Amino acid sequence: MSYFKKTIKIIIIVLYLEFTYSQSILDSIRNFGLNLDNLVFCNEFWLPTKEFPGLKEKLKSDVFGQPFVKNNLIPILEDYYLKANYKDSKNALVLSFHGPPGVGKSFVSEILSVAPFIKNKHLFSANNIFFDKHLVDKHKANINQLIDSSIRDCERSLFIFDDADYFPSEIFQELNVFRKIDGGLKYGGSVFIFLFQVGAEQLTALTLDLLRKGERREMFHIDEFHNIIKNAMLDKGGSKESG
């Protein structure tokens, strides 16, 4: 590799670290014809030492009216990743975002997906998959194969299931990561995000009721909303353990 190419790569890495969440910078680099994924290596260098400052600032500046996300997502990531033995765990981090369309579920997932400590990103959208009931087993096998292959490449992989309400329930029940199959594969470091509209009407009704009573969003108690989601998921056919 020539000196010029080495210099360019070093500059790009520095820019990527310094402006991790500047979308305009990232887009400019991509338009230059460089593949950022090749710059993100699967090692501890990309994990922050505390507080996930870039992500925290991005959520603060770009996400509005969602205090639960701002107040809870960073502590969850800290608790999960900033442990010496997180890679030795067989358990993935599973996040479930609920609410009606337009509240920012996909937007927050996208913000997390460009974090430098996440190497592999995969989106499964019910809008892009035709679930033939006769081919559910094939769908399950394909999704499991992609997930396990990504984990083998790098444990810090992100999997987003958009419009999860419309996936056949058998697919989620048969995911290897949840069945804890003894195949020697550790899912510690991976993140699964499920975007649901289950309970959206009840969540909206509770939000409006609290706002009419003069309560600010920052003062909402998450337990009330959690109970609504849990009951809605049970009504849809989820297990008690999923709550």
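Which hand does the crossing of α3 and α5 have, left or right? Here are a few friendly notes, with that one taken up in point 3.

1. **Ground rules.** Please keep in mind that this is a predicted model, in which local features need pLDDT of at least 70 and side-chain atom pairs count only at pLDDT 80 or more, while totals for chains, interfaces and linings use all residues. Residues are numbered from 1 along each chain as its sequence is written, and side-chain values use heavy atoms, with hydrogens and water left out.

2. **Overall layout.** The protein chain has ten helices and four strands (DSSP runs numbered from the N terminus: helices are H or I, at least four residues; strands are E, at least two). Read from the N terminus, the order is α-α-α-α-β-α-β-α-β-α-α-β-α-α. Of the 243 residues, 40% are buried (under 20% relative accessible area, with a 1.4 Å probe and protein chains only). The chain exposes about 14,300 Å², and carbon and sulfur atoms supply 54% of that area (Shrake-Rupley method, 1.4 Å probe). Where contacts (heavy atoms within 4.5 Å) join residues at least 6 apart in sequence, 75% of them link residues at least 24 apart.

3. **The α3/α5 pair.** The axes of helix α3 (residues 53-62) and helix α5 (residues 105-113) come within 10 Å and cross at roughly 150 degrees (lines fitted to C-alpha atoms over the stretch in contact, with angles from 0 to 180 degrees between N-to-C directions). That angle makes α3 roughly antiparallel to α5 (over 145 degrees). To settle the opening question, the crossing is right-handed (the near helix is turned clockwise from the far one by less than a right angle).

4. **Who meets whom.** On the α3 side, Leu55, Lys58, Leu59 and Asp62 meet Phe107, Val108, Ile111 and Leu112 of α5. By class, this contact has six nonpolar, no polar and two charged residues.

5. **The buried residues of α5.** Lys105, Val108, Ser109, Ile111, Leu112 and Ser113 are the buried residues of α5. They pack against α3, α4 (67-81), β1 (93-98), β2 (120-125), β3 and β4 (191-196).

6. **A look at Asp163.** Asp163 sits in the loop between β3 (157-162) and α7 (169-173). With a relative accessible area of 13%, Asp163 is buried. Leaving aside neighbours within four places in sequence, Asp163 is in contact with Ser125, Ala126, Asn127, Leu195 and Gln197. Asp163 and Phe194 are 31 residues apart in sequence and 7.9 Å apart in space, C-alpha to C-alpha.

Notes
Buried means under 20% relative accessible area, exposed over 50%, partly exposed in between (1.4 Å probe, protein chains only). Angles under 35 degrees count as roughly parallel, over 145 as roughly antiparallel, 65 to 115 as roughly perpendicular and the rest as oblique. Ala, Val, Leu, Ile, Met, Phe, Trp, Tyr, Cys and Pro count as nonpolar, Asp, Glu, Lys and Arg as charged, and the others, Gly among them, as polar.
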